[in-house]
Amino acid sequence: MNISYNWINDYIDLTDIPIKELSDILTMKTCEVEGYEPFRPHLENIVVGLVEDVQPHPDADKLKVCKVSDGKNSYQIVCGAPNVIAGKKYPVAKIGATLPGGMVIKEAKLRGVDSSGMLCSSTELLLNDMVIAPGEDPDAGLLTLPDDFPLGKNLRQLLHLDDYIIEIDNKSVTHRPDLWGHFGIARELAALLDKPLKANPLKASKETFPEDPSIDKALKKPSVEIKDNSAIAYSSALLSGVCIAPSSLKMQARLLAAGMRPINNVVDVSNFVMLETAQPNHAFDREFIQDHIEVSYSKASEKLTLLDSKELILPEGIVLIRDGEKPVALAGVMGGEHTEVNEKTKNVFLESATFHRSDIRATISKTSVRTEASQRFEKGQDPENAVKSIYRFAELLKETCPDLKLGSVDLVETEKPKQNVIETKISYIRERLGDIDANTEKITKILNSLGMQCKTDKDDITITVPVYRSYFDITLAEDLIEEIGRVMGYRNVNPQPIYVSCEVPKSKNLVRTLEHDLRELMSGAYHFTEVYNYAFHSQSDVDLDKRYAKKAIRLQNSVNKDLEYMRISPMPGLLHNIAQNYKERPDLRFYEIERIFIPNEGSKEEEALPNERSFISGAITSTEEPNVVMTSLSSMLADLLVKVGLTYYEQSREKLSEDSFHPGRSGQILNKNKGNTICKWGQIHPAYTKKYSIEKPVFYFEMFIEDLNEIRNTTDSGYKPVVKYPHSDFELTVLMDKRQPFADILAVTSEPVISNDDKTYMESIDYLNTYEGDSIPDGKKAVSIRMTWRNRTRTLEHDEIKTLQESLISSLNSAGFTLR
Amino acid sequence: MSAADAIIKELTELDELLVARLNEAKAQKDLEDARIEFSGKKGKLTQILKQLGKVSNTERAEIGKHANELKTKFENYFTEHTERLEQEYYKSLEEEEWFDTTSLPPRFPNGFFPGNPGDQRGYIHPISSMQKRLEGIFTSMGFSIIDGPQVETDYNNFVALNFTEDHPAREMQDTIYTEQDHLLRTHTSTVQIRGMAKLSPPMRIIVPGRVFRYEELDASHEHTFYQMEGMVIDKTVSISNLLHLMNTLLEEIFERKVEVRLRPGYFPFVEPAFELDMKCLICSGKGCPVCKNSGWSEVLPCGLVHPNVLKFGGLDPEKWQGAAFGLGLNRLVMMHHGIEDIRLFQGAFPAFLSQFKKY
C-alpha cells in the first residue's frame, strides 16, 4: 500500500517530522514500512515559462526559434513542436535539468541556431496521467500550462507532486482495517506523536453538507433491501447536479501518489474517499438502475459484465448488488459495466456499505477478481463509516460540481455497530509486558490516546474499544498489551531470563540423534556428500520406479509440472543428482536423509494423512570396475550397520530381485534377529539409469530410519573381558559352482558365538577372496575363507584344533563342496 | 538387362546382405560398423547410386524413390537391432555380470572408496549442520526436539493456529494442496498444536523441518525451505522473557554480542506479535548494502502465544502462558556464510556443497 506524506500532512501537522522519522516511527510502533521515495523528483528542475515570441528557423521548416521568459531572464530556445504559440505557458527544462531517462539539458546549436533549454511535452515529463490544462489537447505536442501558473515556479510544487511515497507492507496491517486509509494512519500518528488532528473527514455529516430530500422525489430514490443477512449495513443517497469534469490538480496528485490513476471527478472522489477513510463506495448512474436495490447471494449461473468489460459467469453464493432481479455489481469488489458513471451522467445513486468480510473473501477466491475495495472489505470495516463517507463524498464532489445536491442519506442495517469491552487487570498487563516501567497512569494515558475509554478500580481495568478498532482487531487483553507495548516502545523492555525448573528435555528425539550420527558416518567415514532433494516427483519419475504398490500422491497445484507428485521413492532424486554431475565428475558419492510419502486411507482427515517414512539413501558412480565398487559398497554397508548396532553376524545377506535393480548385482541385508530387510543395495538396472540419461553404472542403497532405529543399541556396550589366551585360525579354500552363493558356505559352518565358559567356540568367519583362473575347472570358482577358534580359559590343544578342522571339512564335504 | 534393372537388382541384394549381417551382430559396435559400410557417406548404397548417371530421367526418379525407401528401411533395421541387442544385454545381466551379494564383505578399510584420486572427502549439507548446532543450543537449555508431518491438515496448519476460515492472513501463505485436500505445511508452527498434545506444560520445544509455499523460484525465493519453530509454555512468560531468550540464542549462533530490537508484526497465532531485527553484523548498524542501509537485519518473527492457540492445544490460558518464534534455517545459513542464491540448497551442486566442512 502506498501512502502519501503530504496527504497525511492534510490531517496532522508534520512540519517537524521529516520523512525518515515518520517512517521509523511507523516501523517501530505500528507496521512495516518497506521504504519511501520522493515522488516524481524529475519535475524538480522543470519551471513554468512564457513563450513571448516565435520566429521561423532560418534553416529548417519544422523548427521554430522561441523567446522564452521565466519571469527573470529570457532564453532563446529552438523548438519543433507544432503547437507552440506566443503568449502561452509551457514547461521549460533549463540548462542543467535532467529529464526522465537521464537526458541532461545542455547549451546546444540546432541547425546553426543557439538553444538554451527545452520546452517539454507531457510525455517527456511523464505527466500523461494528469489533466493539467482542461480543454487543451494533451497530444498536440508541448504541454500547455494554465495561464494562471506563476512564471519561473517549479512545476513539481505547482502540480502538488512534491511529495514522498511511503510503501507499507500490506501483510503487517492485515489486522488493522482502520489503517487502510490515509486518515486512519494520521489518527494513529496523532496518538503516537501526541499531536492534535488538523482535520477529520469522518466528521462529515448533515451539518457539514445539508441534505435536500426534494431530489429523492424528483429522481425517484430506489428502495434498498438486504436479503439473508448478506450485508451488515447499506447506506445510500442520490446526488443531482453532477457534471463530469477533471478533478483538481491536488486531488489528481494525491491519487497518483497513492497509486491510482485519475479518471474524472466522480470516479476520483469515489477513490479519494476510499483512500482517505478506508471505506469503499460505489457510484451508479441513476438513469441505468431501476427503483429497487437488493443485496443478496447469487444463484447458480447468473451473469454480470464488470467495469473492465469482462463477462463473468457468477459462482453460486457470492454477494451481489441487484437492480431488481438483475445483478449490477459484485458487492464490495467491482461494479458492473452497464450502470457505471459516464460522460453524460447527471444524477448518481451512491452506495456506501459494509459487508461480511467472509463473504468478500469468498467472492475473491471464487472469482479471482481483486480490487482496492475488496482488499479493504476482506479486512473488515467500521460500519459507522458507511454513512459518514456519503457526506464526505458530497463535500468533495461539490468542489467540481457547483450545482451538486445531496438527497436524504438512508441506512439499512442488519446489526448495530459494536464496541468491544475488555475487562482485565493492570497486574496482568504488567506481568506480560515484563520488565518495563508501566504504571496505571501510563497505561490509561496510552489507551486514551488510542481512542479507548478506561475505567479503573484498584487492579481492575475496563476498557471500551472504539468502533473503528472493534472489528477483527482489539478483542482481548493480549491485544491491549500489544497496544501499550508498542506505544511505550519495545526498546524500553529489558530482557529477563525465563525461570524454569532445572530439568533435562522432556522428550528425547532418538531418531534425530541417529540421523545426525548417520551424517557423521556417511560424510566423515565413508566420504559421501549430503544432498537435499525436493519432496516431489515428475510424472516420468513415477512411471519409472514401480516398486511401490501404492500410487504416489498427486498435488492439486504443483509449482511446476515436473513436481506434480509427492515423493514415493528415494531413488529418482539421487538419479537426477547423478545425471546432472557425472559427466564432469566421474566419481560421485551422494546421500540423502529425508522422507517419502505413502498414501493412507482413513475416514478422518487426520487419519488419512500419508505415512511419512524417513529414509537414508545413497548413490555412487565410479571410475573403478563395477565389482570393486560393489565390494566396497558391501563393506561400507556392513560397517555402517555395525556402527548403528547390528553386529557383523547379525546381518544376513541375500540376493534381491526388484525391477529397478540389476538382476546380477543386487542384494539385501536382513536383520537376522527379526528377519526383516533393512537395506537394499546394488547396481541400478542399466535400463533404468538409461532413462535418466546416465550411461554409466550407478550403485545405490536405501534404508529406512525406523528399521535402523530398531537395531540401535544404546544400553548394551557388548564389552567382554579381555582374553589372555590366543585364538587359532584356519584358512581353507572351497571349490564351488561359479554362481553358487557364498551364503551356502555360511549355511554349513555354524554361526560365530561367544562363550564365557570353558568351551571352545568359533569366534569369526571371514571371506578372503575368490579366484577363477587357469587352474580352476570351468564353471567353478575357488573361495577362500578364514575361521578363528578360541577358548576363554585356556590355549587350544593341537588335537582339539585338528578335530575342529576335520569336522568343518567333513561337513563342507558332505554339503557337496570340494576343498582345494 | 537394362542399366536400371541392374541397379535395382543390386539394391535388392544389398538389402538381403544387410539383413544377414545384422542378424549376426553381437554388440553395438557391430551395428555401427555395418551402418558405416552400408549406409555411410562412402557406403555401399552410395556406391550403387553413383551409377544413376547411366539411366534415363524417368527411371532415375523411380530408382531414387526406391533408394529412399531403402534408406528408411535400413534405419529401421538399425533401431530394431539396437533394441534387440539391448534386450539381449539385459537378459544376460544376471549371468554375465554376476556379483555374489550374499558374500560376507571384507572389513571396511576406513580409507577411501576406490576411484579417482582428487577430492575424496564427503560433506554434510550446511542446513543439516546449522540445524544440529541449533538443536545443541536448545537442548542445552532444556528444549525437546519434536518432529511433525510435512503433509498436514488444514486444522493444524491454520485453524488451530487462529487462522479462521475467512482470515485474510491465509492469503499471506500460498499453500500447496494434495488431491486428498491435505496441504503441505506452510510453517513448522503446525507442531505447536502437536507438541502441546504430546507434552504436558511447562514445556519447551523446538521443531526443525521442511516447509513449503507455492512460490516461483528465484535467487531469494524457494517453494521448499527449512524452518525451526520454538515454543515455551510456562506459568508466566513475558515480552522480557522472549527478548532474553532470543538474545541468548542469537549470541550463541553468531558467537558474539548482538543487539536486537522488537517491532510490531502480525501473525494470527501470537499476540502481541513481533518482528525481531538484529543490528547488522556487517556494518555494526552504520548502514550498508546488506541491511539496505537500515543498520538492522530482519532475523525472525516471534510473539507471545495467542490464548486461542493455547485453547486449541488443550491448555487453559488462565493458567498457562507462552512464547513462540520461528527461525528460517535457509536464511540463517545464508547470513552466516554470505550465500547469494537460495536455489543452491536443493539438488546436488558439488562446487557449492564442498565448501562446507563442519562448524
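This is a predicted model: local features need pLDDT of at least 70, side-chain atom pairs count only at pLDDT 80 or more; totals for chains, interfaces and linings use all residues.
Local features need pLDDT of at least 70 and side-chain atom pairs count only at pLDDT 80 or more, whereas totals for chains, interfaces and linings use all residues. Residues are numbered from 1 along each chain as its sequence is written, chains are lettered from A in the order in which they are written, and side-chain values use heavy atoms, with hydrogens and water left out.

The contact (heavy atoms within 4.5 Å) involves 129 residues of chain A and 124 residues of chain B. The two chains bury about 11200 Å² between them, 56% of it on carbon and sulfur atoms; buried area is the accessible area (1.4 Å probe) that two parts lose on being put together, summed over both. In chain A, the residues that lose the most area to chain B are A:Arg432, A:Tyr532 and A:Arg739, together 7% of what that side buries.

Across this interface there are 11 salt bridges, each a side-chain nitrogen of Lys or Arg within 4 Å of a carboxyl oxygen of Asp or Glu. One of them joins B:Arg210 to A:Glu594, with the closest N and O atoms 3.1 Å apart.

In chain B, seven strands form an open sheet with mixed pairing, in the order β1-β4-β5-β9-β8-β7-β6. Strands are DSSP runs (E, at least two residues), numbered from the N terminus, and two strands pair if DSSP finds at least two bridges between them. The edge strands of chain B are β1 (144–145) and β6 (260–264), each pairing on one side only. Strand β6(B) runs antiparallel to β7 (residues 270–279) of chain B, and five bridges join them. B:Arg263 has B:Glu275 in β7(B) as its bridge partner.

Note on methods. Helices (H or I, at least four residues) and strands (E, at least two) are DSSP runs, numbered from the N terminus.
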